[in-house]
Amino acid sequence: MRKEWWKLFFRPEVFPLTGVIPEADTRAEVRILARLLPRGAKVLDVACGEGRHVLALARRGAGVTGLDFSAPYLAAARRRARAEGLRARFVRGDMRRIPFRGEFDAVLNLWTSFGYFPDPADDLRAARAMLRALKPGGLLVLELIDAAWLRRHFEARRWSRREAGWVLEES
């Protein structure tokens, strides 16, 4: 496997994000996050993709920044924010080198967007960069897959119904 396979994979023509996660799921996740965040919180979403959490949090009044490596995903996020009249900032960057220091009340890394680097030292760099972006006492929300659970419930092929139709995931 190519060392930085994710640079080629996370593009709309290879891995389209639109409609993959039902909007109701995003709203439910953001309701939970909103309980953890102070009103008007400054939030950084690392590996924001097309900005589904960024936009949902912006609708609730948070000051949100999304960071992603994929220029096409960021372009889609910016278009959606403009279309809805939402204030959100989108920055192209690598999670190992986040360009912010002490700026955010919370940093989010959701939808299993952590652990893609073949070298564990790069995962550590990413974690440290996320922590540096936080204000003192800030909140880091990191979503991970439980490896033991995944081994017990692994499915090589799985169909799921989504807003945009059906998705086949082959692993």
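Predicted model: local features only at pLDDT ≥ 70, side-chain atom pairs only at ≥ 80, totals over all residues.

**Entry 1: α2.** α2 has 14 residues, and I get 20 Å from its first C-alpha to its last, close to the 20 Å expected at 1.5 Å a residue. Next I asked which residues of α2 are buried. They are Thr-26, Val-30 and Leu-33. Those residues cover an arc of only 60° around the axis, so they sit on the same side of α2. I then looked up what covers them, and the list includes α3, β4 and β5.

**Entry 2: the chain as a whole.** I stepped back to count elements and found 6 helices and 7 strands in the protein chain. Read along the sequence, I wrote the pattern down as α-α-β-α-β-α-β-β-α-β-α-β-β. The protein chain has 171 residues, and 40% of them count as buried. For contacts between residues at least 6 apart in sequence, I noted that 65% join residues at least 24 apart. The accessible surface comes to about 10200 Å², with 55% of it belonging to carbon and sulfur atoms.

**Entry 3: nonpolar cores.** How many residues does the largest nonpolar core have? I get 22, and the ones with the most contacts inside it are Leu-37, Val-43, Leu-57, Val-64, Phe-90 and Leu-108. At least two residues of this core come from each of α2, α3, α4 (71-84) and β4. The largest share is from α3, with 5 residues. I also noted another core lying apart from this one, of 16 residues, and Val-46, Val-91, Phe-114 and Phe-117 are among them.

Leaving aside neighbours within four places in sequence, Leu-57 is in contact with Val-30, Leu-37, Val-43, Ala-62, Val-64 and Leu-108. Val-30 is one of the buried residues I had listed for α2.

**Entry 4: α5.** Helix α5 runs over residues 120-133, which is 14 residues. At 1.5 Å a residue it should span 20 Å, and its end C-alpha atoms are 20 Å apart, so that agrees. Buried here are Asp-122, Asp-123, Ala-126, Ala-129, Met-130 and Ala-133. They cover an arc of only 125° around the axis, which puts them on the same side of α5. Their cover includes β1 (42-46), β4 (104-109) and β5 (134-142).

What caps the N-terminal end of α5? I found Asp-119 there, with a side-chain oxygen 2.9 Å from the backbone nitrogen of Ala-121.

**Entry 5: Asn-109.** Asn-109 lies in strand β4. Buried or exposed, I wondered? Asn-109 is buried, at a relative accessible area of 0%. I went looking for polar partners of its side chain and found two backbone oxygens. The side chain of Asn-109 reaches the one of Val-46 at 3.4 Å, and the one of Ser-113 lies 3.4 Å from a polar atom of that side chain. Not counting residues up to four places away in sequence, Asn-109 touches Val-46, Ala-47, Met-95, Phe-114, Met-130, Val-141, Leu-142 and Glu-143.

**Entry 6: Ala-47.** Ala-47 has a positive phi of about 65° although it is not a glycine. I located it in the loop between β1 and α3 (52-59). Ala-47 is partly exposed, with a relative accessible area of 24%.

Conventions: Residues numbered from 1 in each chain as written. Heavy atoms only, no water. Helix = DSSP H or I, 4+ residues; strand = E, 2+ residues; numbered from the N terminus. Expected span 1.5 Å × (residues − 1). Buried < 20%, exposed > 50% of the residue type's maximum accessible area, 1.4 Å probe, protein only. Arc of directions from axis to C-beta. Contact = heavy atoms within 4.5 Å. Polar contact = N/O pair within 3.5 Å; in protein donor to acceptor, adjacent residues only side chain to side chain. Core = buried A, V, L, I, M, F, W, Y, C linked by side-chain atoms within 4.5 Å. Areas by Shrake-Rupley, 256 points an atom, 1.4 Å probe, with all protein chains shown as cover.
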